[in-house]
Amino acid sequence: MQRIVYPGTFDPMTNGHIDIVHRVERLFGEVVIAVAQGSHKHTLLSLDERVMLAEKLFKAHKHIRVKPFNGLLVDFLKKEKITTIVRGIRNTLDYIQECQLAGMNAKLDSSVETIFLPTKETHTCISSSIVRDVIRKKQDSSAFIPSLVNEYLKNRIYE
Ligand code: COA
């Protein structure tokens, strides 16, 4: 069994992210979902909330683990003794940005490889920031995120 890290801010985790997690679990065997503190983004949900939601979503899957991280992704990988990262690609913009991240990570640590998985066609329009917008405007976002996340966000935002 091979281990792979799926990093992201997951603010919130969408159906697109979930699809990637299940596909890499099938391909590699074990997935560590690395939830970034996300200091580069102003997140809606705290790190603890994002970790808690991911843990609930995957609690029935013993080969899918959730861990928070702060700082450089390559340092997290070293600590976990994992050398492979996976990222989902929705379009050419993602590809350009992800190539840059993959290149930087490989320069920071030459043992690190990044693989890209194309996002499932039905999920290419999904983005966490659009979901946040839709929820803030009290519109239905249940087509983009799991019901557990949808309910949590609604309670959190409408409270
Ligand atoms: N389906 C649908 N949407 C997807 C998707 C998929 N399969 N995969 C990604 N997305 C979307 C998300 O919805 C999100 O949309 P948004 O930009 O509108 O919010 C966007 O793609 C990316 O979000 P996410 O997947 O959560 O990841 P991220 O880009 O926020 O994560 C890190 C970036 C955390 C991996 C990166 O910043 C990092 O490694 N940081 C640590 C610091 C570090 O090491 N820096 C140096 C790296 S070179």
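A nonpolar core is taken here as a set of buried Ala, Val, Leu, Ile, Met, Phe, Trp, Tyr and Cys residues joined through side-chain atoms within 4.5 Å. In this predicted model, the largest such core has 20 residues, and those with the most contacts inside it are Tyr6, Met13, Val24, Ile33, Val35 and Phe58. At least two residues of this core are supplied by each of strand E1 (2-8), helix H1 (15-28), strand E2 (29-36), helix H2 (47-57) and strand E3 (64-69). Helix H1 provides the largest share, 5 residues. Another core, of 12 residues, lies apart from the largest one and includes Ala34, Phe69, Val74 and Ile85.

The surroundings of Val35 were examined with neighbours within four places in sequence left aside. On this basis Val35 is in contact with Gly8, Thr9, Phe10, Leu47, Arg50, Val51, Val66, Lys67, Pro68 and Phe69.

Strands E2 and E3 pair in the parallel sense over 6 bridges, and the bridge partner of Ala34 in E3 is Lys67.

A backbone N or O atom of Ser128 lies 2.7 Å from a ligand oxygen, and a backbone N or O atom of Phe10 lies 2.9 Å from a ligand oxygen. Arg87 contributes through its side chain, an N or O atom of which is 2.9 Å from an oxygen atom of the ligand.

Phe10 is found in the loop between E1 and H1. Its phi is near 55°, a positive value in a residue other than glycine. Phe10 is classed as buried because its relative accessible area is 4%, under the 20% cut-off. The loop between E1 and H1 also holds Pro12, which is joined to Asp11 by a cis peptide bond with omega of about 5°. Most residues other than glycine have a negative phi, and most peptide bonds are trans.

A positive phi also occurs at Lys138, where the value is near 60°. Lys138 lies in the loop between H5 and H6. With a relative accessible area of 55%, Lys138 is exposed. Ser141 is placed in the loop between helix H5 (128-136) and helix H6 (147-158), but is buried, with a relative accessible area of 0%. Not counting residues up to four places away in sequence, Ser141 touches Val131, Val134, Ile135 and Asn150.

His22 lies in helix H1. Its relative accessibility is 23%, so His22 counts as partly exposed. With neighbours within four places in sequence left aside, His22 is in contact with Phe58, His61 and Ile64. His22 and Val32 are 10 residues apart in sequence, and their C-alpha atoms are 12 Å apart in space.

Technical notes: Residues numbered from 1 in each chain as written. Predicted model: local features only at pLDDT ≥ 70, side-chain atom pairs only at ≥ 80, totals over all residues. Heavy atoms only, no water. Buried < 20%, exposed > 50% of the residue type's maximum accessible area, 1.4 Å probe, protein only. Helix = DSSP H or I, 4+ residues; strand = E, 2+ residues; numbered from the N terminus. Contact = heavy atoms within 4.5 Å. Polar contact = N/O pair within 3.5 Å; in protein donor to acceptor, adjacent residues only side chain to side chain. Pairing = 2+ DSSP bridges.
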